[in-house]
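Open the model in your viewer and keep the selection tool at hand. The stops below say what to select and what is there.

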Amino acid sequence: MSKGPFYITTPIYYPSDKLHIGHSYCTTAADAMARYKRLQGYDVMFLTGTDEHGQKIEDKAKEAGVTPKQFVDSIVEGPSGVKALWKLMNISNDRFIRTTDDYHVEAIQKIFRKMYEKGDIYKGVYKGKYCKPCESFWTESQLVDGCCPDCGRPVVDAEEEAYFFRLSKYADRVQHLLEDTDFLQPRSRVNEMVNNFIKPGLEDLCVSRTSFNWGIPVDFDPGHVVYVWVDALFNYVTALGFDNDRYHDYDKFWPADVHFVGKEIVRFHSIIWPAMLMSMELPLPKHVFGHGWLLIDGGKMSKSKGNVVDPYILAEHYGVDALRFFLLRTFPFGSDGNFSNEALISTINTDLANDLGNLVSRSLSMIDKYFGGTIPAVRQAEPIDEELIAVINGARAEYEKEMDAFALQNGLAAVFKVLDRANKYIDETAPWILGKEEAKRDRLASVLYNLTEAIRVSAILLTPFMPDTADKILAMLECSGCHNTWEEAQYLVRCEPVTVHKGENLFPRLDVEKELAYLEAERAARFGKQPEQPAAEKPADKQPEKPEGVASIIDIAEFQKVNLRVAQVTACEPVPKADKLLRLTLDDGTAEGRQVVSGIAPWYKPEDLVGKKLVIVANLKPAKLRGVLSQGMILAADPGDGSANVLFVDESVPVGSKVR
């Protein structure tokens, strides 16, 4: 039974001829929210589309030697256009609007006329500053160093006959909306809008242009075309059938539950949009959420700056789910986030290969090894199980609270609490030891069943973020047709045998250096540039002073190359004919484990180390010491007397955890 309608939108995108990962960010977040609400049982309408009018489109079409419509058609419908990108990113939008659609054009003309007849639109002469790339009008006081405050590019002087919308008429009502309700989120955006735009004096808005032709004509005044932001904003209601006969679900879905928008267009959505809806006497959307930007080297991702990241390269190589997960797990949705290939690879290795993939692989492998793939219908509960079950049962409520607050990264954190606790539970119960004794097979069955429940619940809650991966996991657990609903995202005591299928490794661990080299080579091949070489240091360049006792200064990118992991010593013995060397066998969270040779024998006996957790350098090049392979290094402190103090880790930290 449906819980009711839920309407979510992204802004309709300018059809750029070069789409980058930043274009995917907002829509991927909206898709996760839409899938989450569908999972809960809501009747969801998820709208996206393209904003296809304006002077910059007309100019680009002239440069390309085609009509504006031909230009936008090739980009929106083309093999690497907006629709293709949404398909690549597995976006589940229910409707796609183009502002050149006939029904939308018809509706905008009616809307413009209604506001004119009400007296909220009047004719005048516009004289001021205009940013062509942003399609934005600015006053002199709003400019930053004479440039557009949004994009930082030069503005042009504009003077032409135009119609104006009485935005100032609605200043008090809009200010009340922003300050006294939760309409605009996160709350940090409110002061920016009120202090920068409303309190200095909200000026009437130019809403028509006569200096170009590519726009929706004002039907009662030839020569004028509707300002692109009037055209674009009303798509949220025209796509539901307002003032047109194409669709008929306006009454069902309006007002929107939330508009997800980038912070650069919050002004349009939180000031201009509600004012125009007030003029039309229409209900206001419940929420506008202004998310941050994806940044590279501290700057906004954009084609003009030459710092775009190609989503096709990343999705084709790492998989769409891994890319979706990285975007929504790594960056708090309301804040800016720094994108880097290093961070992407690290997230895949840490969260997906180790915490999720390895848990699934280890658990299902043990079920296959000890029970032939079917856990018998035995459920022996012990006190050690209670904490895991409590975490499983608490996950859905915590997840729901965070998702309903649009804190997508915190929703994922709630899932990873379950995964982290399940990984720790394996260490606590040691199924490989239980499997050695026939008398403990019932207990072993119960332990492995508890792990399948942790995995099953996690997979359900991961569905909005990683739909294909979640489906694969549920199929491995034979839950494709049952036990996979929102209501069943809690620990279930199923009193029947449970069969699983191991399946493929979900996320193989990546070699950081190889992956970075691959991505650089792909970038060079696709964009016709040679990989950048570091500039030679000039002899006269003054190097930054380094702290006393520090060998050299490194930057964050260099530090991120060091993969530090928590591992547990499962066995330890002296290396023959080497007084200082011990060979440590480690559980590092992977199925294979590893061994490390360390020169700590003068200070530690093997029996002192077994069972202890410590930190290893996991991506150190393997080497042989006295003929014994060493696959890493353990961390130890030197107090200054030449001895070694191994850095041990608290028992509560799961093996495989990344040390940041």
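What covers the buried residues of helix 7? Before the answer, some ground rules. This is a predicted model, in which local features need pLDDT of at least 70 and side-chain atom pairs count only at pLDDT 80 or more, while totals for chains, interfaces and linings use all residues. Residues are numbered from 1 along each chain as its sequence is written, and side-chain values use heavy atoms, with hydrogens and water left out.

**Helix 7**

Select residues 188-198, which form helix 7. Helices (H or I, at least four residues) and strands (E, at least two) are DSSP runs, numbered from the N terminus. Color Arg189, Val190, Met193, Val194, Phe197 and Ile198, which are buried; buried means under 20% relative accessible area, exposed over 50%, and partly exposed in between (1.4 Å probe, protein chains only). These residues lie on the same side of helix 7 because they cover an arc of only 125° around the axis, taken from the directions from the helix axis to the C-beta atoms. Turn to the face pointing away from that side: Ser188 and Asn191 are exposed there.

Now show the cover. It includes strand 5 (136-138), helix 6 (171-180), strand 7 (184-185), helix 11 (266-279) and strand 12 (288-291).

Next, select Ile8, Phe260, Tyr318, Leu327, Tyr399 and Phe465, which touch the most other members of the largest nonpolar core, a set of 108 residues. A nonpolar core is a set of buried Ala, Val, Leu, Ile, Met, Phe, Trp, Tyr and Cys residues joined through side-chain atoms within 4.5 Å. Helix 14 (residues 341-371) gives the most to this core, with 14 residues. Center on Leu327: leaving aside residues up to four places away in sequence, Leu327 touches Ile21, Tyr25, Thr28, Met89 and Leu294, where contact means heavy atoms within 4.5 Å. A second, separate core has 77 residues, including Val174, Phe197, Cys206 and Ile216.

**A lined space**

Select His53, Gly54, Tyr130, Glu135, Arg209, Phe212, Trp214, Val226, Tyr227 and Val228, the lining of the second largest cavity. A cavity is a set of points on a 1 Å grid over the protein atoms alone where a 1.4 Å probe fits but cannot get out, and lining residues have an atom within 4 Å of a point.

**The whole protein**

Zoom out to finish. The protein has 22 helices and 27 strands, and its C-alpha trace spans about 95 × 75 × 45 Å along its principal axes. Of its 660 residues, 55% are buried.

Definitions and conventions. 1 Å grid on protein atoms, 1.4 Å probe; cavity = no way out; pocket = protein on both sides within 12 Å on 5 of 7 lines; lining within 4 Å.
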